[in-house]
Amino acid sequence: MDILSILADSTRSAFGPVAAVYALAAIGLNLHFGYTGLLNFGQVGFMLVGAYGVGISVSVFQLPVLVGFGVGLLCALVLALLLGIPTLRLRADYLAITTIAAGEVIRLLYRADFVEPLTGGVFGMQNLANGFRRFNPFEPSARYGFGDITYTGTHLWTMVVTWSLVLVMVGVVWLLMHSPWGRVIKGIREDEEAVRSLGKDVFTYKMQVLVLGGLIGALAGCMMAMHQAAIQPDQFKPQVTFFLWVILLLGGAGRVFGPVLGAMAFWFLMDFTDGVLRGMGSMGWLPFLDSPDYGALQLAFAGLMLVLLIVFRPQGLIGDRKEMLINVK
């Protein structure tokens, strides 16, 4: 087992395009839960409508990729309004139930037979990133980096764009949270009745946060479609939201850089675990496991990591325990 090679692969994953996409989606979730206390268990639904918004625009209607991004964001806006209007005036657990259900309903809808001409059904959509990759300044097949940590020109272009979006969103969140609007949002998380007693329309603020976090999640879905150049409904299972929650709690909820650090640490650990398991399997140390079992063990590891975080360090790597709210009122 080559531990140095495993560490190099894990480091490559920590800075790679997938980690950047998840960091972007987790920033939206951080706005929902970390700053406002909204229990959104369906962030993957926003990613799905964003990805399919750009996918359908580019593949079916032959629109420019930037127009597709706009369509994806518009779909996320509509979804946030549909979820928020009937639930945000109620207790937090209603939003949690609604978002879980909505994420699965949308996934099943997009894979249904009657929408196959539009979404590709269970087969998904392919060849979506030609317009995006046309602006690639790097040689697509060349390798860039140093040592064993290298990326193809295509992946590097996706990384540059996605990590740039992450930095922009981090800056936006920082500015918002240090504004009067952000102080109201934090007040809602702590005690929304006190905020309401000061004459603030709590419902409106919650809706604004749900929309903003959903738009960021949709943007992450758009970049996932550009990275993979293909999308398929079953990529957007609840497992994705579960990963986002682990990332958020690992980095630190209610911290601007928490989702970024959490995404990098999470994908480093996931790839490291996979490399170690496969290395042990190739050496015959795990004769009772087959290759498909490694993915299940990875999920078990992610679940164990979440449990340990909640028990021993609920504030995450850089969070503040006072910022971490598990029982939202």
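Helices here are DSSP runs of H or I, at least four residues long, numbered from the N terminus. Keep in mind that this is a predicted model.

**Exercise 1.** Work out which helix holds F272 and whether F272 is buried, exposed or partly exposed.

*Solution.* Start with the helix: F272 sits in helix 12, which covers residues 258-282. Next, the accessibility: F272 has a relative value of 25%. Buried would need under 20% and exposed over 50%, so F272 at 25% counts as partly exposed.

**Exercise 2.** Find what F272 touches beyond its neighbours within four places in sequence, then see how far away V122 is in space.

*Solution.* With those neighbours set aside, F272 contacts I3, I6, L7 and S10. Now for V122: its C-alpha is 31 Å from that of F272, and the two residues are 150 apart in sequence.

**Exercise 3.** Describe how helix 3 and helix 4 pack.

*Solution.* Take the axes to begin with: those of helix 3 (residues 43-59) and helix 4 come within 7 Å and cross at roughly 145°. Then the hand: this crossing is right-handed. Finally, look at who meets whom. On the helix 3 side you'll find G45, F46, V49, G50, G53, V54, S57 and V58. Their partners in helix 4 include V65, G68, F69, G72, C75 and L83.

Definitions and conventions. Residues numbered from 1 in each chain as written. Predicted model: local features only at pLDDT ≥ 70, side-chain atom pairs only at ≥ 80, totals over all residues. Heavy atoms only, no water. Axes fitted to C-alpha atoms, helices over the stretch in contact; angles between N-to-C directions. Helix = DSSP H or I, 4+ residues; strand = E, 2+ residues; numbered from the N terminus. Left-handed = near helix turned anticlockwise from the far one by under 90°. Contact = heavy atoms within 4.5 Å. Buried < 20%, exposed > 50% of the residue type's maximum accessible area, 1.4 Å probe, protein only.
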